[in-house]
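Please work through the exercises below with the sequence and the 3D structure open beside you. Each task is followed by a solution that goes step by step.

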Amino acid sequence: MSRFEKYKHSRTSWGINVLGSFCVEITASDGTTGFATGSGGPPACWIVSQHLERFLLGADPRNLSLLWDQMFRATTFYGRKGLPIATISVVDLALWDLLGKLRNEPVYKMIGGETRTVLDFYCTGPEPVAAREMGFFGAKVPLPYGPDDGMEGLKKNVEFLRKHRKSVGPDFPLMVDCYMALNVPYTIQLATATLDLDIHWWEEVLHPDDFDGFQKLKQALPQLKFTTGEHEYTRYGFRKLIEGRNLDIIQPDVMWVGGLTELLKVTAQAAAYDIPVVPHASGPYSYHYVISQSNCPFQEYLANSPDGKSVMPVFGDLFVDEPIPVNGKMHVSVLDKPGFGMAVNPKARLIDAAGILNPSPGRLLTVREAEVSGKANGKANGKANGKANGKANGKANGKANGNGVTK
């Protein structure tokens with residue numbers, strides 16, 4: 001968004017946080033509860049309550065593949081990527097959490113078991129020196145300027161990266177996050193100007209759909225590593241990213257890609273091409289996945305403390321026992337709890353989604369009816385029907401906390 005002066009200096013100004021988060025809770029017939037959180041806010045709550053719930057009520061939670069396929073096919077006409085798939089992702093994660101609790105096993109044990117005893121982390125944040133001091137094996141920094149800032153911005157980018165390389169020394173891995181903001185010529189120019197800095201990888205330099213662009217980058221700079229994937233969805237989206245072998249690492253987000261059920265399919269695709277998978281953030285959902293897969297060498301930790309210089313729970317105060325890395329590492333034993341191993345904080349600021357849902361009326365309204373009584377009917381129906389639908393037995397209902405984190 002740097003080409004638009006009004007929205008250049010703050011991500012929140014153009015709405016990166018507009019959806020908020022949401023959570024899904026699924027209760028089995030024996031009272032066991034599965035829980036997960038992700039991105040989507042009130043719109044995701046509506047999709048769960050008005051569409052996906054029908055596939056879940058009365059279903060066997062062990063039929064994960066069937067439930068995923070039903071939700072995916074049913075939303076294809078308005079989904080395929082983005083919000084609907086992110087919504088399915090959270091439902092899927094809640095199902096895995098439920099299944100782990102029913103079987104009294106951690107999720108990682110159900111998807112392959114441990115491939116190592118210790119999980120290593122790199123840190124994404126504003127201060128690489130702080131990441132090194134906190135024990136992380138590498139650091140990733142956000143690139144501050146893009147093509148619309150011209151040659152002056154390019155020079156400032158080079159200076160920015162030289163400053164950070166000097167601060168951490170020559171042997172500490174340094175990665176660069178470009179958040180889909182560059183193009184092929186600019187990337188080649190910037191990467192060539194910083195060849196001596198030994199950048200460990202260049203991340204998300206192009207728009208996710210620019211498959212040919214990644215091919216051109218690899219042809220121009222075969223000695224460099226390029227990564228992407230956090231904004232791609234399902235195995236269909238990753239197929240083209242993987243089959244060309246133009247990426248050195250793919251980075252799906254388990255809370256967006258389609259959940260754990262779909263991420264395992266993406267992983268199998270990547271393994272067939274010997275491409276490592278290093279998932280984007282997502283806290284313990286990613287930890288269970290990475291520790292169980294042989295082609296997932298390490299994990300990202302996203303520094304979300306105010307100053308980026310301390311390690312805090314990824315999900316804030318939503319859980320009472322969220323595991324966090326210590327000195328840049330985590331022992332597998334930390335994950336040895338049923339499901340994803342996190343208990344919801346009873347003091348978390350959660351809002352029942354029944355109060356924000358507004359289901360469609362029982363019949364189509366005429367224009368006149370909509371003008372005269374639509375507002376009143378909408379409020380009444382939204383309150384009554386939303387409450388009934390949101391409280392359905394065995395539900396996947398949404399809730400939200402006071403700062404926009406919707407459950």
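**Exercise 1.** Determine how H1 and H2 are oriented to each other and which residues make their contact.

*Solution.* H1 and H2 are roughly antiparallel to each other, because angles under 35 degrees count as roughly parallel, over 145 as roughly antiparallel, 65 to 115 as roughly perpendicular and the rest as oblique. The angle behind this is about 150° between helix H1 (residues 41-56) and helix H2 (residues 64-75), whose axes are 9 Å apart; axes are lines fitted to C-alpha atoms, for helices over the stretch in contact, and angles run from 0 to 180 degrees between N-to-C directions. Helices here are DSSP runs (H or I, at least four residues), as are strands (E, at least two), numbered from the N terminus. The model is predicted, so that local features need pLDDT of at least 70 and side-chain atom pairs count only at pLDDT 80 or more, while totals for chains, interfaces and linings use all residues. Residues are numbered from 1 along each chain as its sequence is written, and side-chain values use heavy atoms, with hydrogens and water left out.

Next comes the handedness: the crossing of H1 and H2 is right-handed, a crossing being left-handed if the near helix is turned anticlockwise from the far one by less than a right angle, and right-handed if clockwise. On the H1 side the contact (heavy atoms within 4.5 Å) is made by His51, Leu52, Phe55 and Leu56, and on the H2 side by Leu67, Gln70, Met71, Ala74 and Thr75. These residues divide into 6 nonpolar, 3 polar and no charged, where Ala, Val, Leu, Ile, Met, Phe, Trp, Tyr, Cys and Pro count as nonpolar, Asp, Glu, Lys and Arg as charged, and the others, Gly among them, as polar.

**Exercise 2.** Work out how H1 and H3 pack, and sort the residues of their contact by class.

*Solution.* The axes of H1 and H3 are 10 Å apart and the helices pack at an angle of about 60°, and H1 and H3 are therefore oblique to each other. Their crossing is right-handed. From H1, Pro43, Ala44, Ile47, Val48, Leu52 and Leu56 meet Leu83, Pro84, Thr87, Ile88, Val91 and Leu95 of H3. Sorted by class, the contact of H1 with H3 has 11 nonpolar, 1 polar and no charged residues.

**Exercise 3.** Is His288 buried or exposed, and which residues is His288 in contact with?

*Solution.* His288 lies in helix H11 (residues 283-291) and is buried, with a relative accessible area of 0%. Leaving aside neighbours within four places in sequence, His288 is in contact with Pro106, Val107, Tyr108, Ile111, Leu335, Gly339 and Phe340. His288 and Lys109 are 179 residues apart in sequence, yet 8.4 Å apart in space, C-alpha to C-alpha.

Definitions and conventions:
Buried means under 20% relative accessible area, exposed over 50%, partly exposed in between (1.4 Å probe, protein chains only).
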